[in-house]
Amino acid sequence: MNSLNSSQRKIIETINGPILVLAGAGSGKTRVITHRIVHMIQNIGISPSNILALTFTKKAAKEMKNRISDMMMNQTDFDQITLGTFHSIFSNILREESHWLGFKSNYTIYDHKDSENVIKQILQDLNLDRSLNYKEIKRKISEYKNNLYGLFYKKKLINQKVEESITKIYKFYTKRCFQANALDFDDILLHTNYLFFYFPNVLKKYQKKFKYILIDEYQDTNLSQNTVIKNLVSQHKNLFVVGDDAQSIYGFRGAHLSNILNFHLDYKNAKIFRLEQNYRSTNYIVQASNNIISFNKNQILKKIWTNNEEGEKIKIYCASSEEKEAQYIACSILSIKRKTNLQFENFAILYRAKIQSHIIEYSLKKKNIPYHIYGSISFENRKEIRDFLAYLRVIVNPDDEESLLRILKKRNQKTVKNILSLSKKKGITVYNIIQNIEDYKSLLRINNKTKNKFISLIFTIEKLRVNAEQDNAYVIAKNVINFLTKKNYYNYKNEDFQSILDYVFQYVKKQKELKNHGDTSLFGFLQCFYLEIHEDINHHKENKVSLMTIHLSKGLEFSIVFIAGLEENLFPSKSSLSTSFKIEEERRLFYVALTRAQKKAVLTYAKHRFIWGKKKENTPSRFIHEMNRNFIDIENHHKDILEKKKIHSLNHFHHVNHNKNYENSKYLKMKKGIKVFHKNFGLGIIVELQNQNQIALIKFQQSGEKRIFLKLDKLVIYS
């Protein structure tokens with residue numbers, strides 16, 4: 001307690017009733033939550049089994065657990081605390097209580113790709129309007145679930161025809177998931193709401209258990225999450241939430257800013273505290289951040305301050321193009337590194353849109369600056385890994401139709417289509433039909449050879465399922481990999497699976513190290529795996545510059561932060577310009593970006609930028625105009641420091657617009673001798689066009705000759 005300031009100490013010592021802590025960026029909120037939990041147990045005598053602490057990421061949960069464990073005198077008490085992410089905690093509750101809702105405890109968790117595949121299949125089955133976008137439908141379904149439409153609220157129809165189609169798809173989607181004994185991420189909280197609403201006895205059980213509830217990052221809660229919490233605390237009212245309305249940036253995911261703004265209305269006699277001392281950033285960064293967020297009307301007023309050094313003013317640099325902007329960032333990193341003791345890992349480049357990263361990557365490569373891009377395609381989306389996971393999922397849950405159909409892609413597709421049709425007609429699972437394929441042989445019109453292949457597959461899966469009852473996840477994973485590498489039609493090697501096998505090994509190892517020997521089962525692993533990839537970006541400390549979108553930077557901090565692309569229509573984004581509410585969320589996003597910096601923040605923008613194949617003249621972001629001139633240092637627009645250093649750049653990039661008129665090579669302007677840029681291979685010249693102009697043979701400066709399939713690879717024309 002001696003390490004705490006007076007504000008933190010007062011918060012920690014206030015125990016009962018609803019409490020809101022408004023914690024500014026870098027104000028030590030994690031320290032407050034962890035010290036409070038320890039104080040409640042060791043000084044007040046509250047049973048650790050009555051405490052529920054919720055976070056939004058596994059990283060945050062792990063950090064809290066480590067801090068609490070270090071402070072606790074009795075390790076047994078620590079083990080009784082329920083601490084984790086919203087999805088992990090309530091997924092465990094659903095696993096235990098699933099029978100009330102009519103599904104099995106071995107349910108599969110669908111990721112975004114699984115959900116989208118199910119929606120695609122429904123669109124095909126229902127022969128619906130092809131203009132309906134499956135990604136947009138998935139977003140709408142997520143919106144319906146997070147806003148509890150159909151449970152407590154009715155959806156207001158804006159476009160009657162479209163909404164009716166989506167509602168129809170939603171019903172089929174729900175039915176398919178139920179038949180497959182599968183839940184998507186939004187279902188976890190939605191079904192918990194169903195559970196507590198329709199079965200009051202179950203709600204009472206958890207109200208009795210969780211008498212004290214603590215929530216981190218409360219500003220990020222959506223209606224579904226907030227409703228679950230309201231039900232749990234309705235008896236004891238002991239709710240402690242920490243958040244910052246100025247860092248509410250997930251409105252597009254369904255987060256409700258009103259949850260934190262109206263806390264005092266939802267919970268009468270709520271006590272409100274403020275943590276306003278920033279321990280992270282210099283005074284210039286803190287004051288500039290205060291200045292920016294003051295333009296928002298929907299906020300709870302706070303005045304963040306710091307005792308840290310004054311530091312440097314916020315530097316603003318105007319580049320003539322996005323190439324010059326990227327080169328300026330790369331040169332600045334090397335320059336700062338030469339003058340200080342900082343390592344590459346102390347630098348971060350943040351941007352509003354992923355598309356901005358390509359040019360920045362190229363400049364970093366040219367300067368031999370090591371970097372890591374967060375939020376790029378993860379290993380779990382590689383084909384071989386998804387094939388591997390499909391087997392694991394079917395072993396645990398044979399009703400998982402999405403995974404089973406992936407496994408069956410290597411089988412006779414005409415027969416698979418007939419099995420799928422028969423499954424829908426008779427209301428029997430695909431797995432059940434294959435298990436009893438002898439009975440359906442005549443209906444499927446298959447010969448003995450085809451039948452025996454399906455029987456062999458089921459025999460292998462059933463054998464693995466029997467082993468799964470006694471073996472841990474790592475043993476089963478090795479058996480599945482052994483099977484996949486032996487089958488000729490996969491052409492996989494053991495090394496293709498090393499990353500996922502290491503992941504399974506580490507999971508089992510950690511579970512075995514737990515005092516009460518955690519869950520080493522295959523189901524336990526799959527649940528942990530899918531929740532983790534949904535919740536975290538897995539930011540690992542390595543000596544590389546970090547590149548990421550601002551959304552992914554939440555909760556992180558770096559000595560030096562570059563924020564690129566501060567232009568109208570890019571940041572704030574064009575889609576946000578329609579309403580003041582969306583503009584305010586964009587401004588909060590800028591506030592989050594700025595407050596990631598500890599020592600120095602650099603803002604950059606380009607006068608010209610190629611967006612979707614068109615060169616556009618840009619105006620600086622309104623956020624630059626809003627900044628107090630006392631806190632910023634503007635680079636002279638007419639002095640290009642890159643030209644002084646005689647750095648040669650690509651003058652213009654022209655982004656190829658890939659669309660249905662792809663075949664029109666005149667439209668693409670692709671011909672022999674043209675210089676092009678590829679995000680992985682760099683600069684090159686087209687040597688030859690082949691296969692009716694669909695494939696280009698390109699000689700790259702550093703990578704040699706490569707054949708590039710133009711329809712799949714987004715090339716950039718260099719002129």
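Reply: Start with helix α7 (residues 134-146) and helix α9 (residues 185-198), which pack at an angle of about 20° with their axes 9 Å apart. Keep in mind that this is a predicted model.

Me: Is α7 roughly parallel or oblique to α9, and why?
Reply: α7 is roughly parallel to α9, because the angle is about 20° and angles under 35 degrees count as roughly parallel. The crossing of α7 and α9 is left-handed.

Me: Which residues make the contact?
Reply: From α7, Lys138, Ser142, Lys145 and Asn146; from α9, Asp186, Asp187 and Leu190.

Me: How many of those in the α7 and α9 contact are charged?
Reply: Four are charged, two are polar and one is nonpolar.

Me: Other pair now. What do the axes of α5 and α11 do?
Reply: The axes of helix α5 (residues 86-101) and helix α11 (residues 223-233) come within 12 Å and cross at roughly 60°. That makes α5 oblique to α11.

Me: Left-handed or right-handed crossing for α5 and α11?
Reply: The crossing of α5 and α11 is left-handed.

Me: And which residues meet there, α5 against α11?
Reply: Phe86, His87 and Phe90 in α5 meet Gln225, Val228, Ile229 and Leu232 in α11. By class, this contact of α5 with α11 has five nonpolar and two polar residues, with no charged ones.

Me: Switching to glutamates. Where is glutamate 626, and is it buried or exposed?
Reply: Glutamate 626 is found in helix α27 (residues 622-626). Its relative accessibility is 13%, so glutamate 626 counts as buried; the cut-off for buried is under 20%.

Me: What does the side chain of glutamate 626 pair with?
Reply: Arginine 587: a polar contact of 2.7 Å joins the two side chains. Beyond neighbours within four places in sequence, glutamate 626 is in contact with Asn291, Ile292, Phe295 and Arg587.

Me: And where does glutamate 568 lie?
Reply: Glutamate 568 lies in the loop between β13 (558-564) and α26 (580-594). Glutamate 568 counts as buried because its relative accessibility is 15%.

Me: Which backbone nitrogen lies 2.7 Å from a polar atom of the glutamate 568 side chain?
Reply: The backbone nitrogen of arginine 622.

Me: What else is glutamate 568 in contact with?
Reply: Setting aside neighbours within four places in sequence, the contacts of glutamate 568 are Leu577, Thr619, Pro620, Ser621 and Arg622.

Me: How far apart in space are glutamate 568 and tyrosine 605?
Reply: 9.8 Å, C-alpha to C-alpha, and glutamate 568 and tyrosine 605 are 37 residues apart in sequence.

Technical notes. Residues numbered from 1 in each chain as written. Predicted model: local features only at pLDDT ≥ 70, side-chain atom pairs only at ≥ 80, totals over all residues. Heavy atoms only, no water. Axes fitted to C-alpha atoms, helices over the stretch in contact; angles between N-to-C directions. Helix = DSSP H or I, 4+ residues; strand = E, 2+ residues; numbered from the N terminus. Parallel < 35°, antiparallel > 145°, perpendicular 65-115°, else oblique. Left-handed = near helix turned anticlockwise from the far one by under 90°. Contact = heavy atoms within 4.5 Å. Nonpolar A, V, L, I, M, F, W, Y, C, P; charged D, E, K, R; others polar. Buried < 20%, exposed > 50% of the residue type's maximum accessible area, 1.4 Å probe, protein only. Polar contact = N/O pair within 3.5 Å; in protein donor to acceptor, adjacent residues only side chain to side chain.
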